[in-house]
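This report is written for a reader who meets the structure here for the first time.

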Amino acid sequence: FTGVPAIVDLAAMREAMIRLGGKPQEINPLAPAELVIDHSVQVDSYGAAAVSLRGLGPGSTLVLINGRRVAPFGFTGGATFVDINQIPVSAIERVEVLLDGASAIYGSDAIAGVVNVILRRDFRGVEVAAGLGRSSHGDADQRQASFTFGVGDRAADGYNVFASVSHADQDAVKASARWHSQSTDYRGWGL
């Protein structure tokens, strides 16, 4: 991974991933350092989430794990992006974002930039996390849990075994539960 990456604080990244859960986000293309978890991919994404930099879409942002390319999500029917939902948040050490000069190094996959997810390499102990949430309308309950376990010291023992399991679930919200989507008649809005 070359260049001078911008380091994203892991706590802020976890908070952002929780905050963005399942909702399309607007991006300001004039703010090049903005990292957006794009859940609004308009293909059959089957719950996948993609990273989009500079408003150019997830196909223009290259996602690496520990500096290596990752196979794209296979069920999109044409769009190419990495499903970051497959990376347990508790396994992430930090996220590096390279915003400029990336296409010269990585090719057209990185026109918008490169996001390099660095995973923990030497974790010992047990970490358990859980969370609950609810929308401001009193519905769309969310439940999240993760379990992380690691043994061995790479320096002393020569090995480290690390496992992380996480699960997130959100209740459905019907279109009729929100005033702006109760009807498909948009004539009153001038459409």
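Helices (H or I, at least four residues) and strands (E, at least two) are taken as DSSP runs and are numbered from the N terminus. With that convention, Ala50 has its place in strand β3. The model is a predicted one, in which local features need pLDDT of at least 70 and side-chain atom pairs count only at pLDDT 80 or more, while totals for chains, interfaces and linings use all residues. Residues are numbered from 1 along each chain as its sequence is written, and side-chain values use heavy atoms, with hydrogens and water left out.

**Overall layout**

The chain has 2 helices and 10 strands, and from the N terminus on its elements run β-α-β-β-β-β-β-α-β-β-β-β. A residue is called buried under 20% relative accessible area, exposed over 50%, and partly exposed in between, using a 1.4 Å probe and protein chains only. Of the 191 residues in the chain, 32% are buried. Contact means heavy atoms within 4.5 Å, and of the contacts in the chain with a separation of 6 or more, 58% are between residues 24 or more positions apart.

**The nonpolar cores**

In soluble globular proteins, nonpolar side chains tend to be buried together. A nonpolar core is here a set of buried Ala, Val, Leu, Ile, Met, Phe, Trp, Tyr and Cys residues joined through side-chain atoms within 4.5 Å. The largest such core has 14 residues, of which Leu53, Ile84 and Val115 touch the most other members. At least two residues of this core come from each of the strands β3 (50-53), β6 (92-98) and β7 (113-119), and β6 gives the most, with 3 residues. Another core lies apart from it and has 6 residues, among them Leu64, Tyr106, Ala110 and Val114.

Ala50, the residue of strand β3 named at the outset, counts as buried because its relative accessibility is 0%. Between Ala50 and Val63 there are 9.0 Å in space, C-alpha to C-alpha, at 13 residues apart in sequence.

Two strands are said to pair if DSSP finds at least two bridges between them. Strand β9, which covers residues 142-151, pairs with β10 in the antiparallel sense over 10 bridges, and Gln144 stands opposite Ala168 in β10.

**An aromatic pair**

A pair of aromatic rings is described by the distance of the centres and the angle of the planes. Rings of Phe, Tyr and Trp (its six-membered ring) pair if their centres lie within 6.5 Å, and planes under 30 degrees apart count as stacked, over 60 as edge-to-face and the rest as tilted. By this rule the count is 1 aromatic pair: Phe123 and Phe162 are edge-to-face, at 5.6 Å centre to centre and with 70 degrees between the planes. The pair links distant parts of the chain, since Phe123 lies in the loop between β7 and β8 and Phe162 in strand β10, 39 residues apart. Phe123 counts as buried at 12% relative accessibility, whereas Phe162 is partly exposed, with a relative accessible area of 24%.

| Side chain | Partner side chain | Distance |
|---|---|---|
| Glu96 | Arg94 | 3.1 Å |
| Ser135 | Asp139 | 2.6 Å |

Glu96, in strand β6, is buried at 8% relative accessibility. Ser135, in the loop between β8 and β9, is buried at 18%; leaving aside residues up to four places away in sequence, Ser135 touches Ala140 and Arg178.

Most residues other than glycine have a negative phi, and most peptide bonds are trans. Ala140, which lies in the loop between β8 and β9, has a positive phi of about 55 degrees although it is not a glycine, and counts as buried at 7% relative accessibility. Asn66, likewise not a glycine, has a positive phi of about 50 degrees; its place is in the loop between β4 (61-65) and β5 (68-69), and Asn66 is partly exposed, with a relative accessible area of 26%.

Terms used. A polar contact is a pair of N or O atoms within 3.5 Å; within protein, one must be able to donate a hydrogen and the other to accept it, and residues adjacent in sequence count only if both atoms are side-chain atoms.
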